[in-house]
Amino acid sequence: YELQAFISHVSLHTSTAMAILLGSCCLAVVYNVVVFETIRGLSSVGSAVLGNVKVVVILIVSAVWFGEMQSWAFRQHIGCFFTFGG
């Protein structure tokens, strides 16, 4: 059922579907180049550490943005501090 609905939608909105497909392909290429350059510049270990820091930053930003930090436990604040402070 979903495949037929998808094909019907794409046939009605061909230019939009192609723009989304092309945009996704371009973003994938940019992402792969960024990952390659990150690994080349930081090594695989540095890239893994950067990935972990990225997760913590995303959690903190989303917690601040949505106001969830008021309900954080003390251990969560300490965990973020140790992640950034070492």
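Modeller: One point before your questions: this is a predicted model. Start with glutamate 37, which is partly exposed at a relative accessible area of 36%.

Biologist: Which side chain meets glutamate 37 in a salt bridge?

Modeller: Side chains of opposite charge can pair when their charged atoms come close. For glutamate 37, the N to O distance to its partner is 2.7 Å. A salt bridge needs a nitrogen within 4 Å of a carboxyl oxygen. The partner is arginine 40.

Biologist: How many salt bridges does the structure hold?

Modeller: The pair of arginine 40 and glutamate 37 qualifies. The count for the structure is 1.

Biologist: About how many helical turns separate arginine 40 and glutamate 37?

Modeller: Both residues belong to helix H2, residues 14-65. They are 3 residues apart there, so the separation is about one helical turn.

Biologist: Is arginine 40 buried or exposed?

Modeller: The cut-off for exposed is over 50% relative accessible area. Arginine 40 has 60%, so arginine 40 is exposed.

Biologist: How many disulfides does a search of the whole structure find?

Modeller: Cysteine 26 is in no disulfide, and its nearest cysteine sulfur is that of cysteine 25. The search of the whole structure ends with a count of 0.

Biologist: What is the relative accessible area of cysteine 26?

Modeller: Cysteine 25 counts as partly exposed at 43% relative accessibility. Cysteine 26 is partly exposed too. Its relative accessible area is 44%.

Biologist: Now the aromatics. How are the rings of phenylalanine 81 and phenylalanine 82 set: stacked, edge-to-face or tilted?

Modeller: The structure holds 1 aromatic pair. The ring centres of phenylalanine 81 and phenylalanine 82 are 5.7 Å apart, and the planes stand at 55 degrees. Stacked requires under 30 degrees and edge-to-face over 60. So the pair is tilted.

Biologist: Are phenylalanine 81 and phenylalanine 82 buried or exposed?

Modeller: Phenylalanine 81 has 55% relative accessibility. Phenylalanine 82 has a relative accessible area of 52%. With the cut-off at over 50%, both count as exposed.

Biologist: How do H2 and H3 lie: parallel, antiparallel, perpendicular or oblique?

Modeller: The axes of H2 and helix H3, residues 74-85, come within 11 Å. They cross at roughly 140 degrees. Roughly antiparallel needs over 145, and roughly perpendicular runs from 65 to 115. That makes H2 oblique to H3.

Biologist: How far apart in space are leucine 12 and glutamate 68?

Modeller: Leucine 12 is in helix H1, residues 2-12. It counts as exposed at 67% relative accessibility. Along the sequence, leucine 12 and glutamate 68 are 56 residues apart. From C-alpha to C-alpha, the distance is 42 Å.

Biologist: What separates the C-alpha atoms of tyrosine 1 and glycine 46?

Modeller: Tyrosine 1 is in the segment before H1. At 81% relative accessibility, tyrosine 1 counts as exposed. Glycine 46 is 45 residues from tyrosine 1 along the chain. Their C-alpha atoms are separated by 46 Å.

Conventions:
Residues are numbered from 1 along each chain as its sequence is written. This is a predicted model: local features need pLDDT of at least 70, side-chain atom pairs count only at pLDDT 80 or more; totals for chains, interfaces and linings use all residues. Side-chain values use heavy atoms; hydrogens and water are left out. A disulfide is a pair of cysteine sulfur atoms within 2.5 Å. Buried means under 20% relative accessible area, exposed over 50%, partly exposed in between (1.4 Å probe, protein chains only). Helices (H or I, at least four residues) and strands (E, at least two) are DSSP runs, numbered from the N terminus. Rings of Phe, Tyr and Trp (its six-membered ring) pair if their centres lie within 6.5 Å; planes under 30 degrees apart count as stacked, over 60 as edge-to-face and the rest as tilted. Axes are lines fitted to C-alpha atoms, for helices over the stretch in contact, and angles run from 0 to 180 degrees between N-to-C directions. Angles under 35 degrees count as roughly parallel, over 145 as roughly antiparallel, 65 to 115 as roughly perpendicular and the rest as oblique.
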